[in-house]
Amino acid sequence: MCLNPKSKDIIMKYIFTSLFIGLFLLNMPGIAKAQSGDFGLGIILGEPTGLSAKVNMGNSAFAGGVAWSFSGRSSRLHLHLDYIYQNFELINVDVGRMGFYYGFGGRILLREHSDNLLGVRFPIGLNYMFESSPVELFLEVVPIFDIAPGTNFSGNSGFGVRYYF
């Protein structure tokens, strides 16, 4: 993968910002709950396809992914982190909990034969938490506004499953 100096600067800024936010969040008292079943790890299938992680913090959460994008002509590594708000009061189900969620976040798309992309994500989705097991199913649609190196609208969508530890 060949990166130009401008793309490397953008990626480094995103990585350092993500690390700073992550370290800050690890020091928040609410994150300590993640060790008692609020941390989920799983897969997402769709565009992109890969690993998915989520830390629940009551009605909000941080959700991220490391995935492979199969659309387009070049291979792409897709990295994203979103802050989402979850509403489990909106949809009533007899067993388990179903929620509607929405939020915002960032995305880096590392492309093999082209400029890398930096974008803003706006995830919208449904998630279902099983009552008797630590498993979550989710379905999401994500409009994306790319901001570097140029502007463009695109989108992602996927279905996934996470296991909570």
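Reply:

Phe 145 is partly exposed, with a relative accessible area of 27%. On this scale buried means under 20%, exposed means over 50%, and partly exposed lies in between, with a 1.4 Å probe and protein chains only. The model is predicted, so local features need pLDDT of at least 70 and side-chain atom pairs need 80 or more, while totals for chains, interfaces and linings use all residues. Residues are numbered from 1 along each chain as its sequence is written, and side-chain values use heavy atoms, without hydrogens or water.

Phe 145 belongs to S8, opposite Val 120. Strand S8 covers residues 135-148. Strands here are DSSP E runs of at least two residues, numbered from the N terminus. Two strands pair if DSSP finds at least two bridges between them.

S8 has several antiparallel partners. Strand S6 (residues 117-121) pairs with S8 over 4 bridges. A hairpin of 5 residues leads from S7 to S8. Strand S9 (residues 152-164) pairs with S8 over 12 bridges. There Val 141 stands opposite Ser 157. A hairpin of 3 residues joins S8 to S9.

Now the rings. The whole structure has 8 aromatic pairs. Phe, Tyr and Trp rings (six-membered ring for Trp) pair if their centres lie within 6.5 Å; planes under 30 degrees apart are stacked, over 60 edge-to-face, and the rest tilted. Tyr 128 and Phe 130 are edge-to-face, at 4.9 Å between centres and 90° between planes. Phe 145 and Phe 153 have ring centres 4.9 Å apart and planes at 40°, so their pair is tilted. Phe 153 is exposed, with a relative accessible area of 65%.

The structure holds 1 cavity of 30 Å³ or more. A cavity is a set of points on a 1 Å grid over the protein atoms alone where a 1.4 Å probe fits but cannot get out; lining residues have an atom within 4 Å of a point. The largest cavity contains about 120 Å³ of space, and a volume is the space filled by probe spheres set on the points. Its lining has 17 residues, and Phe 138 and Glu 140 are among those nearest the centre. S8 supplies at least two lining residues, as do S2 (49-57), S3 (60-69) and S4 (76-91).

Methods. 1 Å grid on protein atoms, 1.4 Å probe; cavity = no way out; pocket = protein on both sides within 12 Å on 5 of 7 lines; lining within 4 Å.
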